[in-house]
Amino acid sequence: MISHLLECNKTFIHDECEANSSQYSKIAARQTPKAVWIGCADSRVSEDIITGSRLGTIFVHRNIANMVSFNDVGIAALLEYALVHLKIKDVIVCGHTRCSGIAALEHGVKENYIADWLCIGSEAKIAADAIAQKQRLTPEEKLELLTMENV
């Protein structure tokens with residue numbers, strides 16, 4: 001897999017970077033993204049593809065189930081840098097359907113680090129549980145609701 005990725009990178013440099021060298025020189029010298037994207041690390045969800053964005057337009061943080069925790073120094077530093085130094089005004093937290101992280105939040109997991117991480121979404125789960133019970137949602141509807149509550 002690594003050799004394939006390296007070959008694709010060479011193709012990207014030749015076909016894309018060299019063909020658009022003025023644009024890439026500009027973004028290489030200074031980044032000026034217009035939004036912060038906090039999204040899921042799911043390999044099926046790529047912020048640039050689903051938003052039609054070009055390189056240099058989105059400052060990105062991805063993790064399992066697009067969680068934002070008050071005690072996560074990594075995301076705190078990212079947000080501080082984005083807001084203070086890059087002067088970004090828009091912050092997007094994006095969830096997605098069929099998220100494995102949200103399913104794990106709903107059903108539980110055995111792995112320690114994943115379970116600890118998903119505790120961040122416990123308030124969203126409590127809210128979704130109450131709404132789902134009151135509205136008599138199906139399991140699928142409840143997962144969609146939990147996805148939205150988590151965001």
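This is a predicted model: local features need pLDDT of at least 70, side-chain atom pairs count only at pLDDT 80 or more; totals for chains, interfaces and linings use all residues.
Visitor: Let us start with α5 and α8. Why is α5 called roughly perpendicular to α8?

Guide: The axes of α5 and α8 come within 10 Å and cross at roughly 105°. Angles of 65 to 115 degrees count as roughly perpendicular, and therefore α5 is roughly perpendicular to α8.

Visitor: Which residues of α5 and α8 meet?

Guide: From α5 there are Ile102, Ala103, Leu105 and Glu106, and they meet Lys142, Leu143, Leu146, Thr147 and Asn150 of α8. By class, the residues of this contact between α5 and α8 are five nonpolar, two polar and two charged.

Visitor: Which residues of α5 are buried, and what do they pack against?

Guide: Gly101, Ile102, Ala104, Leu105 and Glu106 are buried in α5. The buried residues of α5 pack against α6 (112-118), α7 (122-135) and α8. Just after α5 comes Gly108, with a positive phi of about 90°.

Visitor: On to the largest pocket. What lines it, and how much space does it hold?

Guide: About 210 Å³ of space lies in the largest pocket. Its lining is made of His96, Thr97, Arg98, Cys99, Ile102, Ala103, Glu140, Glu141, Leu143, Glu144 and Thr147. The largest share, five residues, comes from α8. Sorted by class, the lining has four nonpolar, three polar and four charged residues.

Visitor: What makes Asp129 partly exposed?

Guide: Asp129 belongs to helix α7. Its relative accessibility is 27%. Buried means under 20% and exposed means over 50%, so Asp129 counts as partly exposed.

Visitor: What is Asp129 in contact with, leaving aside neighbours within four places in sequence?

Guide: Asp129 is in contact with Glu106 and Lys142.

Visitor: Why is Leu55 called partly exposed?

Guide: Leu55 has a relative accessible area of 46%. Since the exposed class needs over 50% and the buried class under 20%, Leu55 is partly exposed. Leu55 lies in the loop between α3 (47-51) and β2 (58-63). Not counting residues up to four places away in sequence, Leu55 touches Phe12, Tyr24 and Ile27. Leu55 and Pro33 are 22 residues apart in sequence, and their C-alpha atoms are 8.8 Å apart.

Visitor: Now for backbone angles. What makes the phi of Ala65 worth a look?

Guide: Most residues other than glycine have a negative phi. The phi of Ala65 is near 65°, a positive value in a residue other than glycine. Ala65 sits in the loop between β2 and α4 (73-85).

Visitor: How do you know whether Ala65 is buried or exposed?

Guide: The relative accessible area of Ala65 is 0%. Buried means under 20%, so Ala65 is buried.

Visitor: And Lys87: what is its phi, and where is it found?

Guide: Lys87 has a phi near 60°, a positive value in a residue other than glycine. Lys87 is in the loop between α4 and β3 (90-94).

Visitor: How do you know whether Lys87 is buried or exposed?

Guide: Its relative accessible area is 58%. Exposed means over 50%, so Lys87 is exposed.

Conventions:
Residues are numbered from 1 along each chain as its sequence is written. Side-chain values use heavy atoms; hydrogens and water are left out. On a 1 Å grid over the protein atoms alone, a cavity is a set of points where a 1.4 Å probe fits but cannot get out, and a pocket is an open set with protein on both sides within 12 Å along at least five of seven lines; lining residues have an atom within 4 Å of a point. Grid points are joined across faces, edges and corners, and a volume is the space filled by probe spheres set on the points. Helices (H or I, at least four residues) and strands (E, at least two) are DSSP runs, numbered from the N terminus. Ala, Val, Leu, Ile, Met, Phe, Trp, Tyr, Cys and Pro count as nonpolar, Asp, Glu, Lys and Arg as charged, and the others, Gly among them, as polar. Axes are lines fitted to C-alpha atoms, for helices over the stretch in contact, and angles run from 0 to 180 degrees between N-to-C directions. Angles under 35 degrees count as roughly parallel, over 145 as roughly antiparallel, 65 to 115 as roughly perpendicular and the rest as oblique. Contact means heavy atoms within 4.5 Å. Buried means under 20% relative accessible area, exposed over 50%, partly exposed in between (1.4 Å probe, protein chains only).
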